[in-house]
Amino acid sequence: MKLLFAMAMLCSLLTTKLSAQTTPEKEPNPVIVTRFQISLPDDARRSEFDSLMNMYVEKGIRPNAMIKNYRLLRHWWGSNNMEVVMIYEVDGWNNVNKAMEEADKLIDASITDKAARDKYWTRFGKYLNKHSDEIMADIGKPKM
């Protein structure tokens, strides 16, 4: 009986894929997490900040075909409400920098006046000048 049990266990191990030793068919898409610390210039206005962020998303992120998924999060609960987190997924490692360069180009193209474009980037940089980036990979299946 013990021999039969040992044989059954051996057969099950030999016929089962060992997930730790298999490679995925396709590498996971990179997910970039950028945490911005909001800085308030002397003449800061909530409406201006909201307008800058809206322009960034509507003109640079949404029309950007390289970005597969995107989330913009603002710290909501706790003592530090001066943080913005941008999460975006791109198709393949080679598109990490290209996607952000494309976002900048799309925004620049949407602001045709050079003075207005320079003002946008100057103001954007005054509110969001400190950040950290992490590049992650989705290794699990989302709960649906």
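Which residues in α2 meet which residues in α3? I put this to the model, which is a predicted one.

**Entry 1: α2 and α3**

I found that M55, Y56, K59, G60 and I61 in α2 meet M100, A103, L106, I107 and S110 in α3. By class, I recorded the residues of this contact as seven nonpolar, two polar and one charged. I then looked up the geometry: the axes of α2 and α3 cross at roughly 105 degrees and come within 8 Å. Angles of 65 to 115 degrees count as roughly perpendicular, and α2 and α3 are therefore roughly perpendicular to each other.

**Entry 2: α3 and α4**

I turned next to the packing of α3 with α4, where the angle is about 135 degrees and the axes are 9 Å apart. On the α3 side the contact is made by D104, I107 and D108, and on the α4 side by R117, Y120 and W121. I noted three nonpolar and three charged residues in the contact of α3 with α4, and no polar ones.

I traced an open sheet of four strands with antiparallel pairing, in the order β2-β3-β1-β4. The edge strands, each pairing on one side only, are β2 (67-74) and β4. From one strand to the next I have a twist that averages 15 degrees. For β1 and β4, which run antiparallel, I recorded eight bridges. Within this pair, V31 stands opposite M136 in β4.

**Entry 3: helices on the sheet**

I checked how the helices meet the strands. α2 packs on the sheet and touches β2 and β3, and its direction makes about 170 degrees with that of β2. α3 lies across β1, β2, β3 and β4 and runs at about 120 degrees to β3.

**Entry 4: the largest pocket**

I looked up the largest pocket last, and its volume is about 250 Å³. It is lined by 14 residues, of which T34, F36, Y56, M100 and H131 are the closest to its centre.

Definitions and conventions: Residues numbered from 1 in each chain as written. Predicted model: local features only at pLDDT ≥ 70, side-chain atom pairs only at ≥ 80, totals over all residues. Heavy atoms only, no water. 1 Å grid on protein atoms, 1.4 Å probe; cavity = no way out; pocket = protein on both sides within 12 Å on 5 of 7 lines; lining within 4 Å. Points joined across faces, edges and corners; volume = space filled by probe spheres on them. Pairing = 2+ DSSP bridges. Helix = DSSP H or I, 4+ residues; strand = E, 2+ residues; numbered from the N terminus. Axes fitted to C-alpha atoms, helices over the stretch in contact; angles between N-to-C directions. Contact = heavy atoms within 4.5 Å. Nonpolar A, V, L, I, M, F, W, Y, C, P; charged D, E, K, R; others polar. Parallel < 35°, antiparallel > 145°, perpendicular 65-115°, else oblique.
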